[in-house]
Amino acid sequence: MTGVGIRTTDAYNFLADEVSGVENVGFCKSDAYNFVQRERRALIDSGDAISLSKVLQDRQSEDNMFSYDIQTDEMNRLISFIWIDGHSKIDYDCFGDVIVFDTTYRLNKYNLACAPFIVVNHHWQNIFVGGAFIATETIESFCWVFETFLRFVGGKQPTTIFTDQDQAMAVAIERTFPTSRHRLCQWHILKKAPSKVPAFNNDKVVRSLFYYCMSKCDSEIEFEKSWSDMISKGNLEDNRWLRDLYKIRMRWTTAFNKSCLDLGILSTQRSESANNILHGCSKATSSLVECYVGLDKLTSNWRRSEHDEDFRCKHGSVTPKIQHCHLLKHISKIYTRKSFSIFEQSYMDVAIGVCVVEESRISENLVVYATQHCESAGDNKRWFVTVDSTNFDANCSCMGFQTKGVLCKHILRVYNHSNVKQIPVKYILNRFTLKAKKGMYLSKEARPKDFDSNLVFRNHMRRFTYDLTRRVEDCKLAKEYLYGVFIEVAKKVDEIVDEDEMMREG
């Protein structure tokens, strides 16, 4: 079963179901993992591993910020490898707040799990920021991948990481990403639901309640009520799959993740889109080198798409649909074309989709506005927006800004109601703007707090200079200017260092 791409844990569970319980299988899950691991280790050709190592070394000689590592077993045979190039490190610094990590793609000669790290850039495009191939999906294997990745990116943990529903991966994330929010792919859960809960196939009420629990509840209380209604109406009290899913509800329902940035991503679909493309880059007979080269080509294609969109943003202005709206004009000059399109759609919904039904002052400066969706006139559901009239700081009960990073339509409706002409700076995240990748290492906010550490300082400056040199590659004048500045800086640094050494010796 594992030979045709089925994961070890799924194969074991299938066998357990076939013989009515794990006690009748004849071996435990760890035995299965050990067996599969031995089989895969024996398969990886030593010549292929040597060729891969040579390719990675050559790449590192071309890109001094390229990092890679290879994991071997007690016989010094390759079992996993991971890599990240300099460009990806810059991208991770800019957009590494939300990561999608998926291991469902396995089309290669050794049936290794392909595990790309994917983020979303300021154009809402997929960006590849590192990749790994893993022989066995065990806690130890995932810990090695995550710890190595963190070492490559300077220890910066993501705010949120999306994965599929794998217990070993969940444990590894808890150990290596303690400050990150671990979220599960809703697509995988929804795909399993019809086979695990037959009622979903013929009961529209139960099915709609389940969908509502996934992503429509605005609070934990609302989730609990909706979940209880679903269980009750479908007579699902004895469904083991739903009971197990409920135990980890904080990982898959949006109701328990309102305070954490996730960019509105509900599944690993972005990683799966990479898997679809990988079908053209690799096949069942592909070697390790061919797999790596295929992913490298995919990365280049995605970067080319980003570059094309950068060009469109730079050389083409955006015309708001409402041309006399000061607020839209203001934001159109700041956001990228795609980010502005998303913002504009929310603002357009304000005109026809949201209304202010009540307002009350709770202090001299604070006003609470009750908003309601216009098409839901018979529904009592409301969203409450609190606004400080001195600086227009706003907070909505839907917490859309906290999760998506873009102001929700309820706050925009209140801003429109209050004739606010500019979005406060604090609500414009740099990651969505035209300047998301420019000056990344110049601002005081971007400077690491621990500059006393030589390692932190060196990593920061390497990224800074790498980013500068990459940006002048196509401009001869900029190259000459940058080189001249570096010479002057080098002379000044030598003077300062020499003077400092003399003072210490004295």
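Student: What share of the chain over residues 383-419 is helix, and what share is strand?

Tutor: Residues 383-419 are 38% helix and 24% strand. Helices are DSSP runs of H or I with at least four residues, strands are E runs of at least two, and both are numbered from the N terminus. This is a predicted model, in which local features need pLDDT of at least 70 and side-chain atom pairs count only at pLDDT 80 or more, while totals for chains, interfaces and linings use all residues. Residues are numbered from 1 along each chain as its sequence is written, and side-chain values use heavy atoms, leaving out hydrogens and water.

Student: Why is Phe 223 called buried?

Tutor: Buried means under 20% relative accessible area, exposed over 50%, and partly exposed in between, with a 1.4 Å probe and protein chains only. Phe 223 has a relative accessible area of 0%, and is therefore buried. Phe 223 lies in helix H10, residues 220-234.

Student: How many aromatic pairs are there, and what makes the pair of Phe 66 and Tyr 68 tilted?

Tutor: The count is 28 aromatic pairs. Rings of Phe, Tyr and Trp (its six-membered ring) pair if their centres lie within 6.5 Å; planes under 30 degrees apart are stacked, over 60 edge-to-face, and the rest tilted. The ring centres of Phe 66 and Tyr 68 are 6.3 Å apart with planes at 45°, so this pair is tilted.

Student: Why is the pair of Phe 142 and Phe 146 called stacked?

Tutor: The planes of Phe 142 and Phe 146 are at 15° and their ring centres 6.2 Å apart, so the pair is stacked. Both residues lie in helix H5, four residues apart.
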